[in-house]
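Dear colleague,

Please find below the structure I promised to hand over.

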Amino acid sequence: MNQFMDRAVELAEENVLEGRIPFGAVLVKDGKAVSEAAAGEQKTYDVTGHAEILAIRKAQDQLQTNDLSGYIMYTSGEPCSMCLTAIYAAGIDNVYYYNSIEEMTSVGMDEWEKIYKEMAKSDADRSILMEQVSLQTDRKNPMQLWYERQ
């Protein structure tokens with residue numbers, strides 16, 4: 001376990017030395033690293049380019065599957081809500097992290113804590129407008145269409 005956490009932290013450290021944010025992740029199955037990534041959003045101008053997301057993308061592309069059941073994620077920082085959602089959606093079994101959200105907040109990286117708090121609120125209480133819209137159309141509801149095709 002420690003070798004994978006050590007690698008995630010090493011990726012984060014390398015990222016900092018290259019002028020980027022301190023996040024790295026390693027995805028493991030059966031005691032072997034399957035994929036790894038450092039946060040890339042500053043390099044690629046992609047706000048979804050978090051280390052965990054990139055490691056998941058690599059593994060899913062390499063394995064040609066969305067199902068990562070039985071995999072373990074090692075990450076240098078406690079996953080944000082976006083990464084945690086991707087981890088759940090991929091079916092990853094366990095996550096081990098080095099720095100907590102509280103530790104990240106203490107050094108000025110407080111957006112994760114803010115987003116977690118926002119996610120706990122109802123749509124009406126969030127800081128951005130969230131409102132369901134109904135359409136008067138002849139279109140079939142895509143959710144219903146998907147359900148019917150299963």
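This is a predicted model: local features need pLDDT of at least 70, side-chain atom pairs count only at pLDDT 80 or more; totals for chains, interfaces and linings use all residues.

Helix 3

Helix 3 covers residues 51-63. The buried residues in helix 3 are A51, E52, I53, A55, I56, A59 and Q60. After helix 3 comes Q64, which has a positive phi, near 55 degrees.

Aromatic pairs

The count of aromatic pairs comes to three. One of them joins F4 and Y74: the ring centres are 5.5 Å apart and the planes stand at 40 degrees, so this pair is classed as tilted. Because F4 belongs to helix 1 (residues 2-17) and Y74 to strand 3, the pair ties together parts that are 70 residues apart in sequence. Both partners are buried: F4 has a relative accessibility of 9%, and Y74 has a relative accessible area of 4%.

Another aromatic pair, that of F23 and W112, is likewise tilted, with 5.4 Å from centre to centre and 45 degrees between the planes. Here too distant parts of the chain are linked, since F23 sits in the loop between helix 1 and strand 1 while W112 is in helix 6 (residues 111-119), 89 residues apart. F23 is buried at a relative accessible area of 7%, and W112 is buried at 8%.

F4 and Y74 also belong, together with Y96, to one aromatic cluster.

Cysteines

How many disulfides does the model contain? The count is zero. C80 takes part in no disulfide, and the nearest cysteine sulfur to its own is that of C83, 3.7 Å away. A disulfide requires sulfur atoms within 2.5 Å. The sulfur of C83 has its closest cysteine sulfur in C80, and at 3.7 Å the two are therefore too far apart for a bond. C80 is buried, its relative accessible area being 7%, and C83 counts as buried at 0% relative accessibility.

With kind regards

Conventions:
Residues are numbered from 1 along each chain as its sequence is written. Side-chain values use heavy atoms; hydrogens and water are left out. Helices (H or I, at least four residues) and strands (E, at least two) are DSSP runs, numbered from the N terminus. The expected span of a helix is 1.5 Å times one less than its number of residues. Buried means under 20% relative accessible area, exposed over 50%, partly exposed in between (1.4 Å probe, protein chains only). Rings of Phe, Tyr and Trp (its six-membered ring) pair if their centres lie within 6.5 Å; planes under 30 degrees apart count as stacked, over 60 as edge-to-face and the rest as tilted.
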